[in-house]
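The following note sets out some points for a colleague to consider. Please read it alongside the model shown here.

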Amino acid sequence: MRLDVERVSLGRGGRQVLDGVSFSCERPALVGLIGPNGAGKTTLMRLVAGLARPGPGRVALDGKDTADMAGKERARRIAYLSQERSVSWPLACRDVVMLGRHPHRRPLAPPSPQDHEIVDRVMDELRIAPFAHRRIDTLSGGEKARVLIARALAQAPDVLLADEPTDALDPEHQIALMERLAQIARSGRLVMVTMHDLSLAARWCDRLIVLDRGRLKADGPPDETLTPQLLSEVYRIEAATLSWEGVPLVVPVRLAPRDDAERAV
Amino acid sequence: MTPRATALVYLPLMLLVALLFVGSLLVGPAGIGIARALEALWSGGADPIVLVMQEIRLPRAILAAAIGAVLGLSGAVLQGLLRNPLAEPGVVGVTSAASFGAVLAIYSGLSASLPFALPLMAMTGAFLAVFLVNALAGRSQDTLTVILAGVAITTLCGALTSLALNLSPNPFAAAEIVFWMMGSLADRSMDHVRLALPFILVGAGLLLATGPALDGLSLGEDVARTLGIGLTRTRLLATLGTACGVGAATAVAGAIGFVGLVVPHLLRPLVGSLPSRLLPASALGGAALVLTADIGIRVVMPERDLKLGVVTALLGVPFFLWLVLRARREIS
């Protein structure tokens with residue numbers, strides 16, 4: 001399976017949110033989409049998910065334009081975890097996970113034995129089977145994140161898109177979640193995540209795509225992309241790039257010095 | 001929730017509706033014995049008891065069940081669509097828009113020349129109201145915006161109805177207009193059933209079809225779309241279904257408020273909150289509630305013509321206030 005993003009652009013309110021971004025991915029891979037606030041990460045994610053039109057460019061799965069796919073066909077191949085993690089009603093966890101089977105079910109038909117089997121399996125995989133019947137509003141942030149990932153996996157997608165999944169989680173759950181996403185990628189999927197934590201990105205992603213003001217700034221393995229020069233140019237910070245027990249760490253230290261012309265603005 | 005647990009909710013509700021339906025047939029000033037009453041439902045002839053049963057009590061019971069069902073159902077659908085527990089045909093302005101449509105049909109004399117003008121205009125009013133709420137609330141669809149949009153529409157329709165009342169040519173027309181604002185099932189005939197029931201059934205069908213989409217919507221609009229759910233189609237089904245069902249209900253019974261607010265709220269915990277399971281349950285619950293209220297007004301004050309809409313509003317408003325208080329506590 002191959003995902004091609006070709007020259008996607010999107011303008012909003014006279015501003016170019018995305019400007020001719022192109023890249024290709026093949027599974028299995030855990031791809032991190034990084035960049036400062038307003039770089040266009042979420043917009044790019046929404047484009048790949050089919051939630052917005054890619055301007056003159058296109059997003060293709062195995063050569064087929066995703067805009068030409070029916071909603072359910074695309075939903076069987078691409079799952080999306082929104083930054084917005086609220087669930088409107090106090091649903092039972094298992095019911096939430098079952099929602100992921102929607103694109104595979106016939107309209108108004110009850111879930112098939114296969115649907116039940118897949119839901120039970122992903123709940124086992126994510127260790128949330130014990131709270132199958134608990135209400136989602138009674139779970140902690142980390143548990144809830146797992147339930148929502150299980151929902152996306154129940155879609156049995158080739159591509160899993162997660163918009164800032166580690167946001168608002170404590171360090172323990174951030175690491176557990178990244179481990180989980182890496183494992184999902186190893187099981188043969190393409191996982192794309194947007195994130196702000198550079199150490200987590202460097203540690204867990206196979207590849208980083210760096211966006212800056214709507215443009216693709218760098219694309220490659222973490223150790224090649226997260227250079228001091230890029231961190232200064234894109235994030236405008238100086239960071240300590242360390243290695244601790246073989247684990248790469250990127251620790252932001254201070255703002256990068258700017259030239260006087262820029263400071264005046 | 002297992003299918004068995006779901007059945008444990010549906011079966012008692014169905015039994016309750018059946019019992020209340022029979023109960024509704026047995027209550028009335030004529031004082032007919034149970035056996036005679038039920039026998040008269042099926043027999044022919046011009047016996048006064050047969051007439052009372054077939055032409056007065058049966059249409060009243062059918063309308064109470066059907067109108068209650070579609071009001072409960074549309075409340076559950078609107079709450080699921082707007083992801084807002086305060087949504088309800090009455091609250092979002094559909095009921096008042098439908099009754100204004102009905103008033104306009106009477107006032108203009110259109111209903112006298114064309115029997116279908118009344119339900120059609122009520123439905124048009126209902127349709128415009130749902131459309132306007134969607135347009136006014138826009139993408140945000142948060143509690144406050146939706147309620148404010150509903151308030152705006154209700155106020156507008158109330159003012160226009162008052163205007164029609166103000167300008168009404170004779171006291172008779174004024175009395176009839178006031179009737180639409182209160183809501184009642186008294187003195188309804190089989191003609192009313194024939195007028196409203198087809199639209200109510202079509203509306204209920206459209207509303208029930210939104211179930212799976214509403215389930216997906218509980219994860220937010222973006223995620224719902226990536227699950228392959230067509231939001232435009234869902235909104236259209238809900239809008240047309242509410243317009244058809246609530247419009248037709250209001251056309252024959254006037255404004256009966258708060259059924260759509262109270263019923264889904266009471267039943268939600270019993271079905272595990274999933275909209276697709278809540279919809280049929282709310283239809284049954286709505287039927288049970290309106291049948292109960294309609295029996296109640298005949299038992300409590302048989303000699304005074306207590307209006308059904310007045311009773312549901314008196315019961316519903318405290319409940320609405322309680323919900324508002326709870327929502328405020330959640331925000332703070």
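1. Two strands are taken to pair if DSSP finds at least two bridges between them; helices (H or I, at least four residues) and strands (E, at least two) are DSSP runs, numbered from the N terminus. The model is predicted, so local features need pLDDT of at least 70 and side-chain atom pairs count only at pLDDT 80 or more, while totals for chains, interfaces and linings use all residues. Residues are numbered from 1 along each chain as its sequence is written, and chains are lettered from A and ligands numbered from 1 in the order in which they are written.

2. Chain A contains an open sheet of four strands in the order β2-β1-β4-β5, with antiparallel pairing.

3. In an unreviewed entry, UniProt lists residues 3-238 of chain A as "domain: ABC transporter". This span of chain A is 35% helix and 26% strand, with its end C-alpha atoms 33 Å apart.

4. The contact between the chains (C-beta atoms, placed from the backbone, within 7 Å) takes 25 residues from chain A and 20 residues from chain B. On the side of chain A that touches chain B, α2 (71-75), β6 (78-81) and α3 (93-99) of chain A each supply at least two residues. The largest share, four residues, comes from α2(A).

Key
UniProt positions renumbered as here; feature names shortened; annotations may be inferred. Contact = placed C-beta atoms within 7 Å.
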